[in-house]
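Dear colleague,

My notes on what was found in it come after.

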Amino acid sequence: MLFGTPADKITDEFLYWARYEKAKPVSLQTLATYKKVLKIMRVYWADRRLEAITVDEIKHLRTNMLKRGLTSSYIQTYLCVLRSFFRYCRFERGLNTIEPKDIQVPAREKKQIDYLTIDELKRFLAVIKIDTICGLRFKAFVAITLDAGTRISETVSLDRQFVDLGEPDVVVTGKGNKQRRVFFTAWSMSWAKCYLRQRTDKSEALFVSHNPEYEGTRSVPEDIRRYFRRYSKLAGLKRVTPHTLRRTAATHWRFNGASIETIMHLLGHEDIRVTQRYVGVDWKFNQLEHSRHSMFGKLDFKAKSLAIRK
C-alpha cells in the first residue's frame with residue numbers, strides 16, 4: 001500500500017473515522033490539521049509502503065524539521081497526527097506498521113499566555129470599521145466571541161434565534177460533540193442585533209457570507225480569520241486570532257474573580273489543567289489574591305521585640 005494515489009483511500013478512511021467513528025470525534029478544525037499533515041506525509045513518503053516506514057525515518061523527519069527552524073509546537077502537532085494515523089493503521093486496520101508509541105513527540109514550549117489587555121482590546125475594537133455590512137458582522141462576531149468565550153467553530157455555528165428572541169444564553173456543541181450553555185451580556189447582544197437589522201436574507205444563521213457568490217450562506221471560519229489579520233495590523237497589535245479572544249475572555253473572567261472551575265465550564269473544558277493554561281495570571285494578580293485570601297493578615301498579632309538570652 002503506497003503513499004500516492006493508492007493511499008488516498010486509507011487516508012480518507014482515517015479522516016472519516018476520526019470525524020465520525022472515533023470514540024471522541026475530532027473537531028472540523030482538527031480535521032483540517034489532519035488533512036494538511038497527511039498531504040505533506042504523502043509527498044514525503046510518496047514511494048514507500050506504510051509497513052516499510054521505520055521509527056528511524058520518523059526520527060530523521062523530526063531532525064529535519066528542527067534543522068529547518070520549525071517550532072516545537074509545529075513539530076509536536078505534526079508528530080501527534082502521525083501517531084494517530086499509525087495507531088489507526090495498526091489497531092483499526094490491522095496493518096503491520098510501526099508502534100505508535102515509538103513515535104516520540106517533543107515537549108511543547110512553555111510560552112506566555114496570549115491575551116489582550118483592556119487597552120489592547122479597546123484599540124482592536126476601535127479600528128473595526130462598521131460602515132460596511134462585513135465590518136459590522138466582524139464587530140458583532142468579536143463581541144459575541146469575547147462575551148461567551150466560544151471557539152470560532154462554535155461562534156459561526158450559532159443561529160440567530162436567540163438574538164431575535166432576546167435570550168442571553170444558548171447551548172453550543174463543542175469539541176467531541178459536547179454541549180454546554182454559554183452566556184451573553186447586553187453589550188454583545190446589542191452588536192448582534194445591530195448587525196441583524198442590516199441583513200435582508202432569510203438565513204437562520206447568526207453570521208452569514210456577504211460575498212455575492214455565497215450571499216446568505218453560513219459564514220465559514222476562514223472568511224472570519226482574514227479580518228483578524230487585517231485589523232490586528234491596523235491596531236498595531238501582535239497577531240490577534242479568534243483563539244486570542246477566547247483566551248482573553250478566560251483571563252479577564254479570572255481577573256474579575258471567577259473561579260477556575262467556573263471558567264472551565266464556561267469554556268467547555270473537561271480537564272482543569274487545560275483551563276489553567278488558558279488563563280494569563282501575572283504576579284500582581286497573585287499578590288492581590290494572596291492578600292484577599294490569606295488568613296494570616298487578619299490575625300490580631302503583632303511581632304514584639306524579644307530579649308533573647310545568649
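This is a predicted model: local features need pLDDT of at least 70, side-chain atom pairs count only at pLDDT 80 or more; totals for chains, interfaces and linings use all residues.

Residues are numbered from 1 along each chain as its sequence is written, and side-chain values use heavy atoms, with hydrogens and water left out.

The chain has 14 helices and 2 strands, both taken as DSSP runs numbered from the N terminus (helices are H or I with at least four residues, strands are E with at least two). Of its 310 residues, 42% count as buried, where buried means under 20% relative accessible area, exposed means over 50% and partly exposed lies in between, with a 1.4 Å probe and protein chains only. Among the contacts in the chain with a separation of 6 or more, 62% are between residues 24 or more positions apart, a contact being heavy atoms within 4.5 Å.

Two pairs of helices deserve a look. Helix α2 (residues 28-44) packs against helix α4 (residues 72-92) at an angle of about 85 degrees, with the axes 10 Å apart; axes are lines fitted to C-alpha atoms, for helices over the stretch in contact, and angles run from 0 to 180 degrees between N-to-C directions. α2 and α4 are therefore roughly perpendicular to each other, a label given to angles of 65 to 115 degrees, whereas those under 35 count as roughly parallel, those over 145 as roughly antiparallel and the rest as oblique. The residues of this contact divide into 10 nonpolar, 3 polar and no charged (Ala, Val, Leu, Ile, Met, Phe, Trp, Tyr, Cys and Pro count as nonpolar, Asp, Glu, Lys and Arg as charged, and the others, Gly among them, as polar).

The axes of α6 and α10 come within 11 Å and cross at roughly 90 degrees, and these helices are therefore also roughly perpendicular to each other. On the α6 side the contact is made by C134, G135, R137, F138, F141 and V142, and on the α10 side by D223, I224, Y227, F228 and Y231.

F138, which has its place in helix α6, is buried, with a relative accessible area of 1%. Leaving aside neighbours within four places in sequence, F138 is in contact with F124, I128, I224, Y227, F228 and Y231. F207, in the loop between α9 (186-197) and α10, is buried with a relative accessible area of 0%, and the residues that F207 touches, not counting those up to four places away in sequence, include R137, A140, F141 and I144. P221, by contrast, lies in helix α10 (residues 221-234) and is partly exposed, at 26%.

Finally, the second largest pocket holds about 260 Å³ of space. On a 1 Å grid over the protein atoms alone, a pocket is an open set of points where a 1.4 Å probe fits, with protein on both sides within 12 Å along at least five of seven lines, and lining residues have an atom within 4 Å of a point. Its volume is the space filled by probe spheres set on the points, which are joined across faces, edges and corners. α5 (118-126), α6 (133-148) and α11 (242-255) each supply at least two residues of the lining, which has 7 nonpolar, 3 polar and 2 charged residues.
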